[in-house]
2 protein chains.
Amino acid sequence: MDLLNEKFLKLGVENAPGQETLQNTTEIKQHEEKLSGTPVDFSHGDVDAFQPIPGTLDVFISGVHLGAKQAYTEYRGSKIIREDAAQKLANFTGATINADRNIIITPGTQGALFLAMGSAVARGDKVAIVAPDYFANRKLVEFFDGEAVPIQMDYFNATDCAGLDLNQLEAAFKAGAKLFLFSNPNNPTGVMYSQAEICGIGELAQKYGATVIADELYSRQIFEGRTYTHLCTQNLIDPEKLITITGPSKTESLSGYRLGVAFGSGTIIDRMEKLQAIVSLRAGGYSQAVMQSWFAEPDGWMAQRIAEHQAIRDDLLTKLRSVEGVKVRTTEAGSYLFPSIPALDITIKEFVKILRLQADVTVTPGTEFGSQFTSSFRINFSQDHQAAAAAIDRLIKVMNQHRK
Amino acid sequence: MDLLNEKFLKLGVENAPGQETLQNTTEIKQHEEKLSGTPVDFSHGDVDAFQPIPGTLDVFISGVHLGAKQAYTEYRGSKIIREDAAQKLANFTGATINADRNIIITPGTQGALFLAMGSAVARGDKVAIVAPDYFANRKLVEFFDGEAVPIQMDYFNATDCAGLDLNQLEAAFKAGAKLFLFSNPNNPTGVMYSQAEICGIGELAQKYGATVIADELYSRQIFEGRTYTHLCTQNLIDPEKLITITGPSKTESLSGYRLGVAFGSGTIIDRMEKLQAIVSLRAGGYSQAVMQSWFAEPDGWMAQRIAEHQAIRDDLLTKLRSVEGVKVRTTEAGSYLFPSIPALDITIKEFVKILRLQADVTVTPGTEFGSQFTSSFRINFSQDHQAAAAAIDRLIKVMNQHRK
């Protein structure tokens, strides 16, 4: 069991978003008085503040009433649901998606990511991943016995682009990396890749015969003045070497139904289905019905949601930028901010614990997104506007108490 | 990708239960006329014929109305739901289950099985599995790069027990197997292990320091005159070396909600949660609420369900046993029959395809449960009684047409 011990030691969850109650906080001595206010959990969006697409529960209930044929679908998802989703995603991205061959419904986008990685990463494979990027990416590479090759993203100094170091990416491909995994918009920074960057990724992958997994989970929530580029419609990569992941869990607040989608390479989708057969059989049958409310929101619903999020973003940015030593790039899409903070007399993990105990504010330490992010934290600002603003005030107070 | 190609070639799904529409049937030439009748899919239970526990949808809807706290639970499942499930399973099995340390809610029992295997099987490990047993067991060993050591179960000749070869099991442990995985009642045969067999398994595992995963998915649906023995209450194995898997998906017809449970070893449960964090985050949040209707069925509901299944079983047994060359052991628990049939002029996989095309009857080939079961098939008789009986008549006709 030594191999396994080692593997599972690397798979810690106590600092992962949503797992904060597992944290050992006995070592924390509170010297400062409690700061009162509405508790805010910035580790994920608040589906009470931003509710699911109207009518979703009714669609679910109709699925239950369909009975056996909705409860037991093919492992890749009900044919009717796949056809509907393929059409909607084709309209959204501009890609051609064959509902029989090129799409799979999964238990959340996390499920899609796991299946895609399990289908593409063999023992010892080098996998290029971005720093910073979604916390599970590194863990997936480790679990499948691959070797992560970090590609830096200089998100603070880049303008009009994410700041991906394409030279590093090329070096990784030259050194044998056969897979590149990235989220766009980037989680945790909320920046988007420019069209030039996306084309750079596509050209390099094609040149070196690499496979790309593009996690586009937040690609519908784009803020004013920004344009999104889907890699899958640039016609740069062999379509059998590209998988795009998305789903209705975030912007649409449907996380509780656990739904995700992957589309692209038929070869990889086939493998993903084989793997899904032993991982969880299928996305919950009745939940699959909920895919029908996706991209079928009431007129204006999405525009209003985006405007409300942009207003929260702007308030929090103003507050954070008023603090000496805090740097934060403006979110271009999605609901994340990833500020860097001044030197403190405690580690970022201690700061996160103290903040939760003293101020009822939960954030995710930067180290979850790359070991070097020791002075950053991530917040998901899809929250009640007033509560979020007040929570950031408390966060700033705690930060100032621990300034070096 | 050579390692992966090899791995995924072994993970075929076209003959797996529920995947029959993927089968290539172009090679099948139908010489005989179509046999008409209500289509019956014996590859899984029919939740239209045997409906979910009454009130389940209402419990789900209440979960949705709880909002954020039900949508985002800890990865191992909502604390309230875990406490409720731990208490119910303690009452049912007699085991002591700590809700914080010793239980995890998963996306279906398939999810629990995958997480438990991923937490216990390292590359190169020998894993003892029963032949025949659940089709995913071998695939899981292969996926995690283990080596399956088959332990024969002589289910036709054993009386008052399953017929497990405990000498083979001891030999496997002596040869270095550190894990034994088995389903009780056995899938696909529907036989139960006797108390002596369960104690034999427990004593051997303890003697050789092996871990055991006991899949008890069907342990509530026990037919007249039989007694079930839970390994977890025999006090023979170090509790840190035992995981028991169950869930409300089968007997209770809640498959569409994708819920499973594993309880036992805190060390393994911790690993399972770490793995769940990258596999699918959690069992669907709203679905978790449905656990509350489990073990809370209306008075008499379960007894009636068992009686109805026993009546179907008895009818099908009479029909099958009237055919020369068919052997079938009586199901003792659960809803499976695993008959062996006389020599045919076609393979079992061809028989399964022809049966579906010619008679609208879907069964699962025996080879899914062990490569040597080339003249057996599995049926799940949790179906409309009349339709199932008529389907077995059609099955017998097709079988006789192909008798050697």
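Student: What keeps the sulfur of A:Cys232 from making a bond with the closest cysteine sulfur?

Tutor: The closest one belongs to A:Cys199 and is 12 Å away. A disulfide asks for a pair of cysteine sulfur atoms within 2.5 Å, so 12 Å is too far for a bond. Before we go on: this is a predicted model, where local features need pLDDT of at least 70, side-chain atom pairs count only at pLDDT 80 or more, and totals for chains, interfaces and linings use all residues. Residues are numbered from 1 along each chain as its sequence is written, chains are lettered from A and ligands numbered from 1 in the order in which they are written, and side-chain values use heavy atoms, leaving out hydrogens and water.

Student: How many disulfides does a search of the whole structure find?

Tutor: Zero, over all chains. A:Cys199 is in none, with A:Cys232 as the nearest cysteine sulfur at 12 Å.

Student: Why does A:Cys199 count as buried?

Tutor: Buried means under 20% relative accessible area, exposed means over 50%, and partly exposed is in between (1.4 Å probe, protein chains only). A:Cys199 has 18%, so it counts as buried. A:Cys232 has a relative accessible area of 18% and is therefore buried too.

Student: What makes the side chains of A:Glu83 and A:Lys79 a salt bridge?

Tutor: The rule wants a side-chain nitrogen of Lys or Arg within 4 Å of a carboxyl oxygen of Asp or Glu. Here the N to O distance is 3.7 Å, so the pair meets the rule. Both residues lie in helix 4 (residues 79-93) of chain A, four residues apart, about one turn of the helix. An α-helix has 3.6 residues a turn, so residues three or four places apart point the same way.

Student: Is A:Glu83 buried, partly exposed or exposed, and what is its relative accessible area?

Tutor: Its area is 39%, so A:Glu83 is partly exposed. A:Lys79, at 39%, also counts as partly exposed.

Student: Where do B:Lys88 and B:Asp84 lie?

Tutor: Both are in helix 4 (residues 79-93) of chain B, four residues apart. B:Lys88 is buried because its relative accessibility is 13%, whereas B:Asp84, at 26%, is partly exposed.

Student: How do you know that B:Arg313 is in a salt bridge with B:Asp314?

Tutor: The N to O distance between their side chains is 3.0 Å, so it falls within the cut-off. B:Arg313 counts as buried because its relative accessibility is 9%, while B:Asp314, at 33%, is partly exposed. Elsewhere, salt bridges that share partners join A:Glu74, A:Lys79, A:Arg82, A:Glu83 and A:Asp100 into one network. Over all chains, the search finds 38 salt bridges.

Student: How many salt bridges does the rule find across the interface of chain A and chain B?

Tutor: Two. In a salt bridge of A:Asp145 with B:Arg123, the closest N and O atoms are 3.5 Å apart.

Student: How many residues does the contact take from each of chain A and chain B?

Tutor: It takes 70 from chain A and 70 from chain B, where contact means heavy atoms within 4.5 Å. The two chains bury about 6000 Å² between them, 65% of it on carbon and sulfur atoms. That figure is the accessible area (1.4 Å probe) lost on putting the two parts together, summed over both.

Student: Why is helix 6 of chain A called largely enclosed by the rest of the structure?

Tutor: Because seven of its nine residues are buried. Among them are A:Phe135, A:Leu140 and A:Phe143. Their cover includes helix 1 and helix 5 of chain A together with helix 9 (266-279) of chain B. Helices (H or I, at least four residues) and strands (E, at least two) are DSSP runs, numbered from the N terminus.

Student: What makes A:Thr246 buried?

Tutor: A relative accessible area of 7%, so A:Thr246 is buried. Its place is in strand 7 (residues 242-246) of chain A. Leaving aside neighbours within four places in sequence, its contacts include A:Leu89, A:Val261 and A:Trp294.
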